Amino acid sequence: MNLTWYERLLSFTNARLWRLTHVDVLLAASLVLLMSGGLIVLYSASGQNVDMVERQMVRLALGFATCLVLAQLPPKYMLRASPLLFVGIAGLLIGVLLFGVGAKGAQRWLEIPGGPRFQPSEIMKIVMPMMIAWYFSDRPLPPSFKQIFTVLIIIIVPVLMIAKQPDLGTSLLVAVSGLFVLFLAGLPWMYILSAGALAPVAGYLLWHVMHDYQRQRVLTFLNPESDPLGSGWNIIQSKTAIGSGGIYGKGWLEGTQAQLNFLPESHTDFIIAVLGEEFGMLGCGVLILAYLLVIARGLYISATAEDNYARLLAGSLTLTFFVYMFVNIGMVSGILPVVGVPLPLVSYGGTSIITIMATFGILMSIQTHKRAR
Amino acid sequence: MANKHHIFRNYRQEQSLTQRRVIFAAVFVLLLSLVLMSRLFFLQVVEHERYVTKADDNRVMLVTEPPPRGLIYDTNGVVLADNRPIHSLTITPERVADFSKLKKELSDILNISEDEWSAYDQRRKEYRRPYQSITLKSQLTDQEWARVSVDLYKLDGVQVEAQLTRFYPYGEAFAHAIGYVGRITQKDLQRVDSQSYQGAQFIGKTGIEGFYESKLFGRPGISKVEVNARGRIMEELERQNPVPGENLHLYLDARLQQYAYDLLGDYKGSVVALDPKNGGILALVSKPGFDPNLFVRGISSKNYAALRDSKRLPLFNRALRGGYPPASTIKPFMALAGLEYGFSSWNERYYAKGYYQINPNGRRYRDWKREGHGWINLERSIIESVDTYYYQLAHKMGITPIHNFLSQFGFGERTVLDLNGAGKGLLPSNEWKKARYKESWYPGDSVNVGIGQGFMVATPIQIATAVTAIANRGDYYSPRMVSTIDKDTPDFGLKGEDHKIKIKDSRNWEHMVKAMRRVVTDSKGTARRLQGASYSIAGKTGTGQVFSLQEDEEYDAKNLEKRLHDHALFIGFAPSEKPEIVVFAIFENGGSSSKPADLTKQLFDAYLKDDYPKKYNYLKGDRS
């Protein structure tokens, strides 16, 4: 047999074992690459704390387990469960508003008596695109005006509930995950362009009705450097860390910004600054490339999926994952305002690892349950 | 729906529509990634030199400094929770070359326990700022401090730091009212702003300390410090001073609290004293208590196990959580309920035998007085505490009117405003029994509830609160600990359930107070031993059964283990015309109600006549 390396790779990815376990090898390999890089950076960012790295590994392993379990579930069952799940999670969101457990002034958690506590809003990030994709699954595309209107209502209700907790970051991500489905379903360009044109007008009008203190809050939000001992401190320090790293970086565990604790939150939201300082532009490039590998595979799965539901869901989940990464790197490097979005699968802690890995479980299920051609 | 479209749908076209959108999205993803890469290029290549200089010059670090905690005062200005300077031995791990050598050297100088070493190891693993010191041994004695200081120069990375620690000067009598602070756990950090608590030593856990944590904590200071290349602090450049926590002023009277605690003697039990004019808690006693100072810097597992496993349950807050049968102290409320719904009247006469039966041949519910009380009326039923009167009254009423009327007094609810962890007690109802036992409510259940036994359970703070409403002739106040907070207006956001309890004939209030007054003054009154005070006392006795007597069985204290003796209860207020203090007292297994009655009178003498034993002068404060 004379096979090229590419054919070898393909035959490996089609191996019986993977088919049997419903693992998509290319996706899994890209994820492992991303996570390993993340762990190396975390060791440095945590002040060489082995305990923290171990705990993160446990979380990642749990994430992979979740992914594997979901990959076994054929997409047709997900389709059927979508509306039920949506109603259930929306009910839990109401529960959070009524009986939620507070943390840092916001009610996000729901306590299961005798069990762990969890955040329904986190699960909504997955259930929202499932619901919208379900809605379009038996309707012809592109959507009519009435359908678009209905979908917007479905999106806005849970988004407002999450925003009321208050958790602005998550509510925006949930909204985005639903809007992506609408976009992929063929929302006419006319609508997209006019929404884009109307946004500045709406912002202008809003600015004029706002109170002075609210305007002030928006200004500090847009320009944190006006508050150098507060939120501006983080951004000044993270830019210094990244910039001083140069092309090749200062070397692993050698970053003065990270190791001397000039960088707050260095192991959580601002972990990319540690990477930028110690591994330079090269390191950041490799990390972004690893993300793009994952995203490319996700979009491929979406494009080749068998039905509307799978296509729309896979595409939206992948694009939401990209938004995470873009917003995080954008905010740490100072081109976006600081919102508390972690770097997916790399930042320390957070329940988000489980939900993100659940989305990849859904992608794998969609890919591996295709009828053999 | 789906089938209707089926014929007209072009699936191929729909597929390629979404595929085109996916491709468009992919291009967009690539473009945005390019934006990120060019931003990185700008920072890391174009501006690189500038940021290298900036990083090299970066000798400035932010350090948070925990604020001094607010103090807690009693009503007369006695400090109940104080801050005290201590000296602690701390280690900076980055500066220690050889830890096992250091460990040996330190052990030669000081006596450091295994617990302290393992606590150090634990904290070493937690996230912290580089060069932040970790406490190894806190509260060094003067001798220890002197001994370490001599050798400090050769112990690299070891230092003695002055810190403020929480101190509760009056210890165990106050533990259940004031609560305590303890070491901050990861769980605690989830409910507060963890940034502010960086460097903080402890956090309020229970009682006032827990409930008012946000007021007591204050705002941490931030200082800009210059560090050397290895991260050691060289100089302080700029600082925002910490803002101390706010001081709390309680209604609690320290002398009354300590006196009540001591008067309980060796008994387990609880005393609650309230100011009926506003619901202020004058004393909140649960005995036995414990030394709250043990918890401040992390309690050792040995000490904790001893407290937790003690049969006397010192950690259990009886005043807030103890569920007791209110026994005969419930009778004034039952009587008012009967009057309200027309099941009894002040004039109607009743012949009280030694027992009551629902059916002629049924079970005999016995009165405490074997031969019965003879002809009585409602007032006498309070004075002599006639059980059979309340058996028949509750039987006639049934549980629903009882439930509705008593719930207005706070039974079955958490009444206390500013303490966490209060119990709800149990005010039973038909629905409750169905849900709990899948059985309907039997007439016999009502009979038992009539004398405050059976399913009915109430906490000391609940009973005291309810009595306040009678003392006030209907004005109900939710009990509260804090009267004022520094800087804040007196109304600092505590919203009580304060209301006027409405009854059809408001003269019943005055009549009931008169009946409770005669419990003391009447020659047959169950609290006649309290006669002779220079002010007027109103009250009601109670004896709560710890175990159920069989029908016709008699309570025989002599041959009964002490833990099965009846609980002794008393409720009282004085002066009865215009009450200034309400007291509830319970002696667990105290036998007869003479003990709590005497205690109540002594508290009244103290509070109203300033008649305290001399030894309590140290708790007098400067404002009394």
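## A sheet in chain B

In this predicted model, the strands β11(B) and β22(B) run antiparallel and are joined by six bridges. One pair of partners across these two strands is B:V272 and, in β22(B), B:F584. Strands of a sheet pair through backbone hydrogen bonds, either parallel or antiparallel. Here the two strands belong to an open sheet of five strands in chain B, whose order is β12-β11-β22-β21-β20 and whose pairing is antiparallel. The edge strands of this sheet, each pairing on one side only, are β12 (280-287) and β20 (538-544) of chain B. When direction is ignored, neighbouring strands are turned against each other by 5° on average.

On one side of the sheet order, strand β11 (residues 269-275) of chain B pairs with β12(B) over seven bridges in the antiparallel sense, and B:L274 stands opposite B:I281 of β12(B). Strands β21(B) and β22(B), which also run antiparallel, are joined by seven bridges, and they form a hairpin with six residues between them. Within this pair, B:F573 stands opposite B:V582 of β22(B).

## The enclosed strand β22(B)

How many of the seven residues of β22(B) are buried? A residue counts as buried if 20 or more other C-beta atoms lie within 10 Å of its own, and by this test seven of the seven residues of β22(B) are buried, so the strand is largely enclosed by the rest of the structure. The side chains are divided between two directions: B:I581, B:V583, B:A585 and B:F587 point one way, whereas B:V582, B:F584 and B:I586 point the other way, and all of them are buried.

## Strands around β3(B)

Another group of paired strands in chain B involves β3 (residues 79-91), which is joined to β2 (residues 72-73) by two bridges, the two strands running antiparallel. In this pair, B:Y73 has B:V79 of β3(B) as its bridge partner. The hairpin of β2(B) and β3(B) has five residues between the strands, and in it B:G77 takes a positive phi near 90°.

With β5 (residues 158-167) of chain B it pairs over 10 bridges in the antiparallel sense, and B:R84 stands opposite B:T165 of β5(B). With β4 (residues 134-137) of chain B it is joined by three bridges, again with the strands running antiparallel, and here the bridge partner of B:I91 is B:I134 of β4(B).

## An annotated residue, B:S328

An unreviewed UniProt entry lists B:S328 under "active site", an annotation that may be inferred rather than shown by experiment. In the model, B:S328 is placed in the loop between α14 (318-321) and α15 (331-340) of chain B.

Is B:S328 buried or exposed? Because it has 27 C-beta neighbours inside 10 Å, B:S328 counts as buried. Leaving aside residues up to four places away in sequence, B:S328 touches B:S385, B:I451, B:G452, B:K540, B:T541, B:G542 and B:T543.

## Chain B as a whole

Chain B contains 23 helices and 22 strands, and buried residues make up 42% of its 624 residues. Among the contacts in chain B with a separation of 6 or more, 74% are between residues 24 or more positions apart.

## Where the two chains meet

Between the chains, 43 residues of chain B are in contact with 52 residues of chain A. On the side of chain B that touches chain A, the elements giving two or more residues are α1 (2-6), α2 (11-46), α3 (48-57), β1 (60-65), α8 (186-191) and β8 (221-227) of chain B. The largest share of this side, 19 residues, comes from α2(B). Sorted by class, this side of chain B has 23 nonpolar, nine polar and 11 charged residues.

## A helix in chain A

Helix α14 (residues 308-332) of chain A has 25 residues, which at 1.5 Å a residue should span 36 Å, and this agrees with its end C-alpha atoms, which are 36 Å apart. Of these 25 residues, 23 are buried, so α14(A) is largely enclosed by the rest of the structure. After α14(A) comes A:G334, whose phi is positive, near 85°.

Conventions
Residues numbered from 1 in each chain as written. Chains lettered and ligands numbered in written order. Predicted model: local features only at pLDDT ≥ 70, side-chain atom pairs only at ≥ 80, totals over all residues. Contact = placed C-beta atoms within 7 Å. Helix = DSSP H or I, 4+ residues; strand = E, 2+ residues; numbered from the N terminus. Nonpolar A, V, L, I, M, F, W, Y, C, P; charged D, E, K, R; others polar. Buried ≥ 20, exposed ≤ 12 C-beta atoms within 10 Å, placed from the backbone. Pairing = 2+ DSSP bridges. Expected span 1.5 Å × (residues − 1). Axes fitted to C-alpha atoms, helices over the stretch in contact; angles between N-to-C directions.
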